[in-house]
Amino acid sequence: MKKALIFQGGWDGHEPEEVANILSEVLKEIDFDVKITDSLEPLRQDDLTQYDLIVPNWTQGTIEREQLQPLLEAVAAGTGLAGLHGGMGDSFRMEVDYQFMVGGQWVAHPGNDGVEYQVHILDPNHPLTEGMADFTVVSEQYYMHVDPAVHVHATTRFPNAEGPYQTNGEVDMPVVWTKKWGKGNVYYCSLGHVAAIVRMPEVLQLMQKGMLWASRGGVES
């Protein structure tokens with residue numbers, strides 16, 4: 001049985017505890033043994049290489065170097081990393097090493113919450129998106145600064161809401177991407193502002209496929 005660690009906390013607006021429980025149930029459906037913690041101390045205290053997968057779910061906040069360094073090293077050694085929305089893509093804003101590992105950082109959501117937008121699946125034959133079609137989301141639409149090394153699996157088109165960024169014209173922004181960090185697989189999905197969005201069937205499917213792929217020995221892409 002594979003082992004996963006979910007650390008949840010940070011800004012309460014993203015409902016971290018409820019989202020962590022949803023992701024835990026998704027993992028248990030595919031036979032993971034899951035530990036959830038509301039502290040960053042296990043990053044310092046545990047042998048993180050015992051986990052096949054680590055799921056950050058901690059928006060903003062701060063992390064000590066003695067907590068971050070073991071995480072960086074565990075992923076580089078082969079432990080997978082997977083997460084969504086601000087719980088992974090807007091954690092620890094001052095920690096550029098963390099952002100480098102993740103592959104991107106949230107910078108804006110033009111129009112704030114309640115924007116209707118499309119998620120475009122780039123390859124419905126890929127193991128991470130197999131059988132999936134484009135779908136509509138009404139939520140925050142994440143504008144990200146993204147590592148050019150990532151492999152993009154789904155996108156959304158901007159501009160959708162008014163703002164000074166509109167004068168740059170249309171851009172297709174990554175929604176789902178993967179990358180490597182040393183021997184570790186990294187998976188990110190920008191959807192999931194609140195628990196109700198995480199519970200969307202499409203988001204649950206993306207996260208289950210993505211977390212399994214990212215885990216040590218997961219499905220190869």
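User: Why is Tyr 98 called buried?

Analyst: In this predicted model, Tyr 98 has a relative accessible area of 1%. Buried means under 20%, so Tyr 98 is buried. The residue is found in helix α5.

User: Which residues does Tyr 98 contact, leaving aside its neighbours within four places in sequence?

Analyst: With those neighbours set aside, Tyr 98 is in contact with Pro 56, Leu 68, Leu 71, Leu 72, Gly 87, Met 88, Ser 91 and Phe 92. As for Leu 72, its C-alpha is 7.4 Å from that of Tyr 98, while the two residues are 26 apart in sequence.

User: What makes Gln 99 count as buried?

Analyst: Gln 99 has 17% relative accessibility. The limit for buried is under 20%, so Gln 99 counts as buried. Gln 99 is also found in helix α5, which spans residues 96–102.

User: How do you know that the side chain of Gln 99 is placed for a polar contact with Arg 93?

Analyst: A polar atom of the Gln 99 side chain lies 2.9 Å from the backbone oxygen of Arg 93. The cut-off for a polar contact is 3.5 Å, and the distance of 2.9 Å is within it. Not counting residues up to four places away in sequence, Gln 99 touches Phe 92, Arg 93, Gly 104 and Gln 105.

User: Phe 92 is touched by Gln 99. Why is Phe 92 called buried, and what is its phi?

Analyst: The relative accessible area of Phe 92 is 1%; since buried means under 20%, Phe 92 is buried. Its phi is near 50°, a positive value in a residue other than glycine. Most residues other than glycine have a negative phi. Phe 92 is found in the loop between α4 (85–89) and α5.

User: What makes Asn 112 partly exposed?

Analyst: The relative accessible area of Asn 112 is 47%. Buried requires under 20% and exposed requires over 50%, with partly exposed in between, so Asn 112 is partly exposed. Asn 112 lies in the loop between β5 (104–108) and β6. Although Asn 112 is not a glycine, its phi is positive, at about 60°.

User: Is Gly 104 buried or exposed, and which residues are in contact with it beyond four places in sequence?

Analyst: Gly 104 has a relative accessible area of 7%. Since the limit for buried is under 20%, Gly 104 is buried. This glycine is placed in strand β5. Leaving aside its neighbours within four places in sequence, Gly 104 is in contact with Gly 89, Gln 99, Met 144, His 145, Val 146 and Trp 177.

User: Why is Gly 131 called exposed?

Analyst: Gly 131 has a relative accessible area of 71%. Exposed means over 50%, so Gly 131 is exposed. Its place is in the loop between β6 (115–121) and β7 (135–139). From C-alpha to C-alpha, Gly 131 is 26 Å from Gly 104 and 22 Å from Lys 28.

User: What makes the peptide bond from Phe 158 to Pro 159 cis?

Analyst: Omega of this bond, from Phe 158 to Pro 159, is near 0°, and the bond is cis. Most peptide bonds are trans. Pro 159 is found in the loop between β9 (151–158) and β10 (171–181).

Key
Residues numbered from 1 in each chain as written. Predicted model: local features only at pLDDT ≥ 70, side-chain atom pairs only at ≥ 80, totals over all residues. Heavy atoms only, no water. Helix = DSSP H or I, 4+ residues; strand = E, 2+ residues; numbered from the N terminus. Buried < 20%, exposed > 50% of the residue type's maximum accessible area, 1.4 Å probe, protein only. Polar contact = N/O pair within 3.5 Å; in protein donor to acceptor, adjacent residues only side chain to side chain. Contact = heavy atoms within 4.5 Å.
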